[in-house]
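Open the model in your viewer and keep the selection tool at hand. The stops below go from the contact between chains to single residues.

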Protein chains: 2
Amino acid sequence: MALGKDYAGQDCSLARALELVGERWTLLVVRDAFYGVRRYSDFLAHLDIPRAVLAERLQALTAAGVLDKRRYQHAPPRDEYVLTEIGRELWPALRALSSWGARHLSDTGPSRVFSHVHCGTPLGRFGECPSCGDPVPPQDVEVRPGPGAGTRDDPVSRALRQPHRLLEPLFGAPS
Amino acid sequence: MALGKDYAGQDCSLARALELVGERWTLLVVRDAFYGVRRYSDFLAHLDIPRAVLAERLQALTAAGVLDKRRYQHAPPRDEYVLTEIGRELWPALRALSSWGARHLSDTGPSRVFSHVHCGTPLGRFGECPSCGDPVPPQDVEVRPGPGAGTRDDPVSRALRQPHRLLEPLFGAPS
DNA sequence: CCCAGTCGATTCGTTGACCGAACCAACACT
DNA sequence: AGTGTTGGTTCGGTCAACGAATCGACTGGG
């Protein structure tokens, strides 16, 4: 977590994962990346995160190969951050944690619902499709607002009010 | 995370989960609980965590219903912390994160290997049994040291050098 | 050319969580 | 009485997070 000290001595895959992805805000940044957020200003507006912290997290995730920073426009220079294959493989972990939170820490029901885009079935708690029985890769998952949906009013929240496929860019950024 | 501010406004199950379980050390405490660690002093010895922080985390997890603090002996008074059903349901998330870390952030291979106790098959990346095809509940999982096992020398690390079933107490504490 | 606006940051002073060592209370054993 | 174990609490010091202000590169408008 790079919070003063690392988890030195914890010879454990979990500890190593947490040093990168366990810092404050980091997993929420990754979650937004799955939602299709790609630009600094959109992360900023959706997360209410201090600018310096966002810049640091994006840099760390890029350095670790979870995100790829690429210039999609040269005049003026504009960069976007996109999940790499390594980043996309965080989906099961993200899904499991989020599902756990929804089941045990929520009073209003989930704020977003995930379903298999091919058959419309809501995902099970491991991210699998109950009717097909197989784990669903994120690009085949559709997000929709759920019963506990919030009332934020930033461009990202507004765009997420309609069904959206994971990993698809939220805004028509030049690919 | 209760780090200065909470994730106010992040109306999201993931954010709620992270406020509890996303703080530094917390998931490692839960991991140790799955390993069968139950006593304050054992967490302390295995994690190299500041005493105050451990006390705070155990209290928070207990308050949230993830751990159950119970007195297993009255003279002298001794308490143990045991995973509740809610806590045990964190297993898929823990497994997914740990597996991700092992695949992408490890140079020596996993420090511990998990396998289905009924058939001996090593678990897949979602915590499922590749040969049975079903998700394996933690009480049916066996931990063994893996190729990247460390060289710590505390009672917990020593006890974990031999195969051990998850959730079983590491030491013969009176149940 | 000049000015306002946007994007992606960096800088800075303050707050607060984490760290590690010391201390403490309750109890058991000798 | 003295020593040891367990399960904490207390206390400075340090370092990361916070939020506001600033900045540099660029564009489009007048």
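A polar contact here is a pair of N or O atoms within 3.5 Å; within protein, one must be able to donate a hydrogen and the other to accept it, and residues adjacent in sequence count only if both atoms are side-chain atoms. This is a predicted model, in which local features need pLDDT of at least 70, side-chain atom pairs count only at pLDDT 80 or more, and totals for chains, interfaces and linings use all residues. Residues are numbered from 1 along each chain as its sequence is written, chains are lettered from A and ligands numbered from 1 in the order in which they are written, and side-chain values use heavy atoms, with hydrogens and water left out.

Select chain A and chain B together. Seven residue pairs, both at pLDDT 80 or more, are in polar contact between them. There are also four salt bridges between chain B and chain A (a side-chain nitrogen of Lys or Arg within 4 Å of a carboxyl oxygen of Asp or Glu). Next, pick R125(A) and E89(B): their side chains form a salt bridge at 3.9 Å, N to O.

Now go to T26(A), in helix α2 (residues 26-35) of chain A (helices are DSSP runs of H or I, at least four residues, and strands runs of E, at least two, numbered from the N terminus). Is T26(A) buried or exposed? T26(A) is buried, with a relative accessible area of 1% (buried means under 20%, exposed over 50%, partly exposed in between, with a 1.4 Å probe and protein chains only). Not counting residues up to four places away in sequence, T26(A) touches L20(A), V21(A), R57(A) and L61(A) (contact means heavy atoms within 4.5 Å).
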